[in-house]
Amino acid sequence: MLLFIVFVPIAVALLILAGAPARASAVAASGAVLLATLLAFAGFDGGHAGYQLVTSRLVSADWGIHLAFGIDGLSLIMLLLTSLVTFAAVWFTPSIPEHENAFYACLLLMAGGALGAFASIDLFFFYAFHELALIPTFLLIGIWGTGNRQTAAWKITIYLATGSFILLIGLLLLYRSLPEAARSFDFRLLQKTAGQIPAGMQHHIYLLLLIGFGILISLFPFHTWAPQAYASAPAPAAMLHAGVLKKFGLYGLLRIAIPLLPEGARYWTGLLLVLLLGNIIYVGLVTIAQKRLDWMLGYSSVMHMGYIFLGIAAGNIVGANGAALLMLAHGLSIAVLFAVAGEIRGRTGTLVFSDLGGLAKVMPFAGLVFGLATFAAIGLPGFANFSAEVMVFFGAFHVGADLQHFHAFQVTTVLALWGVVISAVYMLRAYRTIFMGSASEASASATDIGTNLRPPIFLLVGAMLWVGFFPQSLVGRMQGSWRTSFPGK
Amino acid sequence: MQAAVLEISALVLGIFLLLCEAFAGALDKRRLAYGGIFGLGLILLASFFVTAGPLQPDAVGFWSFYAADPLALFFKRFALATTMLVLIMMLESAPRIQSGLGEFFALPIFTCAGLMWMASAIDFVMIFVSLELVTMSFYVLVAYTRRNPVTLEAGVKYLILSALSTGFLVYGITWVFGVTGETSLARVAAAFSQPNLERAPALFGAVLILVGLGFKIAAVPFQIWVADVYQGAPTAVTAYLSVGSKAAGFVVLLRVLSAFFILPQVQRLLVAVAIATLIYGNLAALPQTNLKRLLGYSSIAHAGYLLVGVVSFSGAAVGFYLVSYLLMTLLSFTVLIVVANSAGGEEISDFDGLSKRSPFLALAMMISMLSLAGVPFTAGFFGKFMVFDAAIQQHQTALVVVAVVTVACGFYYYLKVIRAMYWESPARAAPIAFSQLSRVTMTGLMIAIITLGVYPQPILRALSDASHPVTAQR
C-alpha cells in the first residue's frame, strides 16, 4: 500500500516525461494516491502504538539503511494532507503553453518526494525523499513562474539546500552520538534510544536540527525565501510547497527532535519561543503591509508556522495534537487560497490590491471560496484551523502554569493570541479590497471559476469543515504516536 | 593469477596498438580505439580472477614494493573503467584531432598501466616511477592539439608545473630516505615511530612529498595549473586528468599518509589544506562562464571533499567518493564533448536551451550536475554523506562547517548549467548528432549514478575489505 502511494507519483512522472498524456495521467495518478490514502486512513487502527503497514527492503547492510515505509497517526495525517493537496494542485493546473509534460512531471515528483518523506521510517530515506522535491521546485519556479522568478528560484534553492545540509549534519551527529549498539537509521529502533545521548551533546544536535528544519519551515529569521518564492511560483507549485513540503520540517521536529532529544528541546525552549513570536508578531505585521495578494499569502503562510511551532514547543500531547492538526488545516486553507489567487491572476492579469475590486460580482464562486478559506485562515470556529489552534493555545498555556504567575509560556501564548487579530486584519482587508466595492478596470471583464475546476475546491473545503467539526477522527488516530513520543504525559 | 599480470597485459596491449598503428598503414584509426576498449574490457574481466592478499610486511624483492591488496585491486579496476570511458570520449572528439590519431588512442593505455601500478605501489621508488609513467603520457596528451594556442599554453604549463612538482617529490623522498634509510612505506612508518627519530628533517621530507602529491590532486595552494590546463587540453584528456590522475594521487596519498600520520603536524597541515581547497575551489567556480573551467574549479572543490575523507582516515569514504566522482565527471565531460562538437564552444551559454535541442543530453547533464552538487538519490550525495559522516566521527568541526557552507555554493554554480539548459531559449534549433556508442555510455553512466545513489551496497562491499589502508599498516 505505502509503496504504491509513494512510487505511483514518481513512476507516473517518469512515464509522463517519456511521453504519456500529461494531464490525464497526472490526474489519474493523484486520484489513485488519494484513494489509496483514504483506504489506509479507513483501515488504520488508532489504538495500536507503533507503525502500521510496514514494508522494508535492505539497501545497505554496511550502513543498516532500509528502504522502509510505515505509518502511525502523525504520518497518516501528513499523507492525507499531501494526497489531498496534490490532487487539487494537479487538477488546478491551468493549460501550460510550453513543456506541459515536464510541468506535470515536476508536480508529481514534488508530491512523490513529500509522500516518501512522510511515509519513510528510515532516517536516510526520510531525508533523501524530501530533497527529491527540491529540484522540481527550482524548475517549476524558474521556468513557469511569474514576476522576478529567477531570483526567487535561486533564493529558495540555495536556502533549502543549505538548510538540508545543516540538517544532514545534525542527523549524522545524532546517529554518531548514540551508543554503538543503539545506532540505527530505523525510526522504530531510534525511538527506544530516547535520552541515551548525553545532555551536552543533545544541546548541539537540537540546535542544528532546529536551524536545519527551521530554514525548511521558514522559521523567523530564516523565512525570507518563502514569500518571494510563493509569489513567483505557479499556483499549483505554491499550493504544494506552502501546503505540504514546508510541513516536512515540522514533521521532522515532532518525529525526531522532540522525542529523541528531550533535554536539547528543553534547553532551547526560550530561543524557540522568541523566534516563533518573531514569526507570529513580526511577520504578521509585515503581512499587513503587503500590497499584493500573492506576497500577502506568502507572508501569511510564514506567519502561521509560528502557531505550529508553539504547539511543538509546548511539548505535551494537547500541543502536539494541535500542531499536527494545524499542519493539516493550514495546508488545506493555504492551498485553497493560492488556488483562488492563481485563478484571479489568470483572469485579471494582476494581484495588486489597488488594481482589484468588486470581484464578487463577476466571480461569485471564487468570492465564496476565498471567503471560506479566509475564515478558516483566521481561525473561525467550524473550520479545521479553529480546533487546531484551540488545542495549540491550551497546550501551550498549560505548560508550567500556576495560579499566581504567568511564566514564559503563558506570556508567549497571550502574545501569540494577538496573532489571530493580526491575521484577521490582513485577511479581511484583502477580502474587502478584492471582492467588495466597485469593480475595477481589471476586474470587470473577469469570468468566474468554471464548474470543471470546482471539485477539488469542494474537496479541500469539505476536508477543512470535517476536521473542524470532527477533530476526534484524527486525534484519536494519533494517540498511538504520542504514547512513544511523550511517555507519561 | 598474479595481480601484476594486469599491468603487463595493459602494457602489451598499448605496444600492440602502437605497432598496428605503425605497420598497418591503411587502417581506420578508430579501430584502434575499439581494440583498446575491448582489450581493457578483457583485462577488467580478468581482474576479477586475480587473487588479492593482504599486505606482506616482510616481503622481499618485487613484492616489497608491489602490493596486491584489495585496495590496489579496487583502484586497478577503477583505472581500467576510467580509461575505457575516456577512449569512448576520445572517439567522439576524434574529428578535432588533426594528426596522429593512432597514438592518441594508444597513449591512454600506457597511462592506464601507470595508474594501475600506482595503485599497487608501496615503495617510494615504485611510486615515483609509476607516477612518472602517468605524467609523461599526460605531457603528450594534454598538448595533443598543439596547433591551437590555448592547448599549447596548457601543455607548457602542465609540463613545467608537473616537472616542478616531481622535483619536490624526489627531493622529499631523498630527505625521508636520508632520515630513515628506507624507501619502503612500511619500513619508513616503522622508522618514524622510533623514539630517537630526528623529527625536523623527517617532517621536512614528508611535507615536500605532500607538496608533490598536492600538485597531482590539485589541492590548494598547488592548484594554479588546473583552470588553464583543463580548459586548454582536449576535453577527453581533461576528463582523464580530472578523474584518473586525481584518483591515483589519492591512492598514493592514502598509502603515504599511513606512514606520515605518525607525525601529528601532518594531520593539522592537511586539515588546513582541505579547508583552503574547499573554499578556493567552490568560490572560484562561482563566477565561471566557461563550462570546462567551471568543471576544473569544481574538481578542485571535490578534491577538498576527498581530502576531508582522507584526514578523517576513511578509506571507504574516499573510495566511494572517487567512484561517484568518476561517474558524474565522465558523464558531464561526455555531454560537453558532444555539445561542443555541435556548438563549437564550451561556454555555458552554448548549453542554452539544450532541453529543446536534445532532451536526452539535457537530462544526462542535469543528472551529472545534480550528482556533483550532492542531491539525494544520486551517487554524489552518498559520497558526501559518507565523507561528512567520517568527519563527524573524527570531530572535525571546522571541516564540517566549511564543507556545509561550500556545498551550498556548489548548488549555485551547478544549477547555473541546469538553468541554461532548461530556462534559456536556444540560439539554434538544430538537433545534436552523436554516436550510438556515446548514447549507450551516457545511459549506462546515468543508470549507475542513480543506482548507486539508491543502492550503494555493491561498492560499499567492494570497499569494505579495502577500507582501512591507513590503519592496516600501523
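**Exercise 1. Two helices of chain B that meet**

Task: Find which residues of H12(B) and H16(B) meet, and work out how the two helices are placed.

Solution, step by step:

1. Begin with the residues. Tyr305(B), Val308(B) and Gly309(B) of H12(B) meet Lys384(B), Val387(B), Ala390(B) and Ala391(B) of H16(B). Keep in mind that this is a predicted model.
2. Sort the contact residues by class: five are nonpolar, one is polar and one is charged.
3. Now look at the axes. Helix H12 (residues 291-311) and helix H16 (residues 379-393) of chain B have axes that come within 8 Å and cross at roughly 40 degrees.
4. Name the arrangement. Angles under 35 degrees count as roughly parallel and those from 65 to 115 as roughly perpendicular, so H12(B) is oblique to H16(B).
5. Finish with the handedness: the crossing of H12(B) and H16(B) is left-handed.

**Exercise 2. Two domains in chain B**

Task: Describe how domain 1 of chain B touches domain 2 of chain B.

Solution, step by step:

1. Domain 1 of chain B covers 1-262 and domain 2 covers 272-474.
2. Count the contact. Domain 1 of chain B contributes 41 residues, which are in contact with 45 residues of domain 2.
3. Find the elements on the domain 1 side. Those giving two or more residues are helices H3 (70-92), H7 (185-192), H8 (199-217), H9 (224-232) and H10 (235-260) of chain B.
4. Pick out the main contributor: H10(B) gives the largest share of this side, 14 residues.
5. Sort the residues of the domain 1 side: 28 are nonpolar, nine polar and four charged.

**Exercise 3. Where the chains touch**

Task: Which element gives the largest share of the side of chain A that touches chain B?

Solution, step by step:

1. Count both sides: the contact takes 25 residues from chain A and 24 residues from chain B.
2. List the chain A elements with two or more residues there: strand E1 (52-60) and helices H5 (123-132), H6 (134-144) and H7 (149-177).
3. The largest share, 11 residues, comes from H7(A).
4. Check the classes on the chain A side: 18 nonpolar, four polar and three charged residues.

**Exercise 4. Buried or exposed?**

Task: Are Ser485(A) and Gln404(A) buried or exposed?

Solution, step by step:

1. Recall the cut-offs: 20 or more other C-beta atoms within 10 Å make a residue buried, and 12 or fewer make it exposed.
2. Ser485(A), in helix H23 (residues 472-485) of chain A, has 23 other C-beta atoms within 10 Å, so Ser485(A) is buried.
3. See what Ser485(A) touches: leaving out residues up to four places away in sequence, Ile258(A) and Pro259(A).
4. Gln404(A) lies in the loop between helix H19 (384-398) and helix H20 (408-435) of chain A. Gln404(A) has 4 C-beta neighbours inside 10 Å, so Gln404(A) is exposed.

**Exercise 5. Backbone details**

Task: Find where phi is positive at Phe313(B) and Phe377(B), and which residues a cis peptide bond joins.

Solution, step by step:

1. Phe313(B) has a positive phi near 60 degrees. Phe313(B) sits in the loop between H12 and helix H13 (315-343) of chain B and is buried.
2. Phe377(B) has a positive phi near 70 degrees. Phe377(B) is in the loop between helix H15 (359-373) and H16 of chain B and is buried, with 23 other C-beta atoms within 10 Å.
3. In chain A, a cis peptide bond joins Phe220(A) and Pro221(A), with omega about 0 degrees.
4. In chain B, a cis peptide bond joins Val220(B) and Pro221(B), with omega about 5 degrees. Pro221(B) is in the loop between H8 and H9 of chain B.

Conventions: Residues numbered from 1 in each chain as written. Chains lettered and ligands numbered in written order. Predicted model: local features only at pLDDT ≥ 70, side-chain atom pairs only at ≥ 80, totals over all residues. Domains from an automatic or database assignment. Contact = placed C-beta atoms within 7 Å. Helix = DSSP H or I, 4+ residues; strand = E, 2+ residues; numbered from the N terminus. Nonpolar A, V, L, I, M, F, W, Y, C, P; charged D, E, K, R; others polar. Axes fitted to C-alpha atoms, helices over the stretch in contact; angles between N-to-C directions. Parallel < 35°, antiparallel > 145°, perpendicular 65-115°, else oblique. Left-handed = near helix turned anticlockwise from the far one by under 90°.
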